[in-house]
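Student: I have a structure open beside me and would like to learn how to read the places where its parts meet. Could we go through them one at a time?

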Amino acid sequence: MTRLLLHEIGPGASVQDRGRPGYLAQGLSRGGAADRRALLEGAALLGQSPDLAALELTGRGGSFGVDAPARIALTGAPMRARLGERDLAWNASHRLAPGETLSLSPARRGVWSYLHLGGGIATEPQLGSRAAHFSMGLGQKLEAGGTLPLGEDPGGEANRVLDAEDRFGGGEIRILPSAHTALFPREDLERFCATTFTRDPRGNRQGVRLAHDGAPFATEGQLALVSEIIVPGDIQMTGEGTPYLLGPECQSVGGYPRIASILPADLPRALQTAPGGTLTFAFVDPEEAAREAETEEAYLRRISKTLRPLVRDPHDIPDLGRYQLISGVTAGRPDNGD
Amino acid sequence: MRRTMPATERAPLPRLTPLGLDGILVTFGDTLSDPANRAALAFRAAIEEAAWDGVRETASSLCSAYLAFDPARLSLAEVTERVHDLLARRDWSAEGLPARRRRFVIPASFEGDHAPQLADAAKLAGLDPEEAVAQICARPLRALALGYAPGQAYLGSLPEHWDLARQKDLTPTVKEGAVVTAVRQVIVFASTSPTGWRQIGMTRFRCFRPEDAETPIALAPGDEVQLRPVSAAELDDLAESGPDGGAEVEVLE
């Protein structure tokens, strides 16, 4: 069995897949990748199932190797990726040979980055998923010097790139009503939609704090609410009236009022907004939102159509002086960068 | 996409509340009551039984049933209509409890370090600590809902003088197995985590057993839990007895 070698790995890294739907009744939220679109993009690049697990990285990145030839793909928040001395394109697949070192350094934009492997990461599933949910005792903590087993890769293409949607700059997020929306005064709902929120440094897979100037948001009798079902993407007000955007590891029920719930299509962008980035919210028509909702499978098909061979960037070719370059050619660079 | 501000009036109970793009809550009470909880459990079971095409998942909370649907297969209007039809079929608050419920009698210590806030909680309930323990253990409590952490049961309801507010400041950590109380309910903690509830005892019962592929979650909504007081020394002996922590289980007919 091929193994991924974790030479260095930053805190916050974990194995993730699409999570554990179906356990809400028993108190376990879905969990899974913070950026579900990035999982689909990895599956498209490697031509494999979107149910396979990948490595979710945040913060410091890490450096990695393999003990047998492997295919890899890089998606999510763009990091600087190097294979030895060579820069690697993001949103692309590559080949990694034993003895080579893949180094990923901190994301320039966004929060969550993904390293996918041909055959997927093949740790033992728990409750039907390989997704780590550390606060619930699921999954293993990853440490430098450790290894992860990989599934068998039937082989396939590498050196391919796709057009991923740019979702690392914050912006307007579409929302729908949640459990307690009707308890907020109308003027507070309007003020909520007119406020620009800044993504606070305080945040993790459970939730992200949103800072704002101005009065707190509260409902009447909010400390006496009966605990109610929570879904990822809900925006919850704490006791002091500060919004928290709830992530994949949110609790399954809670008693703080929730003002709105983010459209699944916009949740990756909301969670990928880095500290200091700004977000605004707009309530949209629920019927229209449901009609236009794109399933994850449909997104996978859509981005798969943008797959094309990766042409090496001239900047990456050593001894560039020997080549005659046509002005303006930057072939193959994925266009989701800065 | 067209923008629209949501309504800010609440419909009368039982009430349908959309929860995001693909969820609906069917709420039977705005405060916890036995009829509302029975209705939530029974209505969730009825949705499960109906097995509508396009329903992905169901759950219940203290006073609501929840269903998640696939918008590509079931429209919000359609699912709303079906839920209304089902609601009209009977008086859900008069429904009985789920069949084949179980009763767990779980040993718990209310001594020393196992009960750091027992005196505090007892005083708020207007009792001395011995009376408080006697009342907590006097009769079985029902698992009203599971949540917060996997398999963690909200057990209730205690008499009215146990309507203790949550603490303003969270206790940074209570351990898995801890017995905590607030708002006329008791919880045996399923994971080590912070809480605003007061810790009054300790068990060795594990609500969540991720290593057990067959039965990772011990309790189901509707099950009964009765705590049986034991000494701190007896509780220590139970640490090695397995995930049930010495609990006895019987099926209620």
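Student: How many residues of chain B are in contact with chain A, and how many residues of chain A do they touch?

Tutor: Please keep in mind that this is a predicted model. With contact taken as heavy atoms within 4.5 Å, 47 residues of chain B meet 55 residues of chain A.

Student: What area is buried between chain B and chain A, and what share of it comes from carbon and sulfur atoms?

Tutor: Buried area is the accessible area that two parts lose on being put together, summed over both. Here about 4,200 Å² is buried between chain B and chain A, and carbon and sulfur atoms account for 64% of that area. On the side of chain B, the three residues that supply more than any other three are B:Met1, B:Met5 and B:Leu21, which contribute 18% of the area that chain B buries against chain A.

Student: How many salt bridges and how many polar contacts cross the interface of chain B and chain A?

Tutor: The rule for a salt bridge asks for a side-chain nitrogen of Lys or Arg within 4 Å of a carboxyl oxygen of Asp or Glu. Across the interface of chain B and chain A there are 2 salt bridges, and A:Glu172 with B:Arg3 forms a salt bridge at 2.7 Å from N to O. For polar contacts, the count across this interface is 12 residue pairs. Among the elements of chain B that each supply at least two residues to the side touching chain A are strand E1 (15–18), strand E2 (23–27) and helix H2 (76–88), while E3(B) gives the largest share, with 4 residues. By residue class, that side of chain B divides into 26 nonpolar, 13 polar and 8 charged residues.

Student: Which domains does the assignment give for chain B, and what separates their centres?

Tutor: Domain bounds come from an assignment, which for chain B gives domain 1 (15–94) and domain 2 (101–252). The centres of these two domains of chain B, taken over C-alpha atoms, are 29 Å apart. Between them, 8 residues of domain 1 of chain B contact 8 residues of domain 2 of chain B, and the two domains bury about 620 Å², with 54% of it on carbon and sulfur atoms. Within domain 1 of chain B, the residues that lose the most area to domain 2 are B:Leu32, B:Leu41 and B:Leu62, together giving 56% of what that side buries.

Student: What polar features cross the interface of domain 1 and domain 2 of chain B?

Tutor: The rule finds 1 salt bridge across this domain interface, along with 3 residue pairs in polar contact. Helix H1 (residues 34–50) of chain B gives the most to the side of domain 1 that touches domain 2, with 4 residues, and the residues of that side divide into 3 nonpolar, 3 polar and 2 charged.

Student: How is a pair of aromatic rings described?

Tutor: A pair of aromatic rings is described by the distance of the centres and the angle of the planes. Over all chains there are 9 aromatic pairs. One of them, B:Phe28 with B:Phe43, is edge-to-face, at 5.7 Å centre to centre and 65° between the planes.

Student: Why does the pair of B:Phe28 and B:Phe43 tie together parts of chain B?

Tutor: B:Phe28 lies in the loop between E2 and H1 of chain B, whereas B:Phe43 lies in helix H1 of chain B, so the pair ties together parts that are 15 residues apart in sequence.

Note on methods: Residues are numbered from 1 along each chain as its sequence is written. Chains are lettered from A and ligands numbered from 1 in the order in which they are written. This is a predicted model: local features need pLDDT of at least 70, side-chain atom pairs count only at pLDDT 80 or more; totals for chains, interfaces and linings use all residues. Side-chain values use heavy atoms; hydrogens and water are left out. Domain bounds come from an automatic or database domain assignment. Buried area is the accessible area (1.4 Å probe) that two parts lose on being put together, summed over both. A polar contact is a pair of N or O atoms within 3.5 Å; within protein, one must be able to donate a hydrogen and the other to accept it, and residues adjacent in sequence count only if both atoms are side-chain atoms. Ala, Val, Leu, Ile, Met, Phe, Trp, Tyr, Cys and Pro count as nonpolar, Asp, Glu, Lys and Arg as charged, and the others, Gly among them, as polar. Rings of Phe, Tyr and Trp (its six-membered ring) pair if their centres lie within 6.5 Å; planes under 30 degrees apart count as stacked, over 60 as edge-to-face and the rest as tilted.
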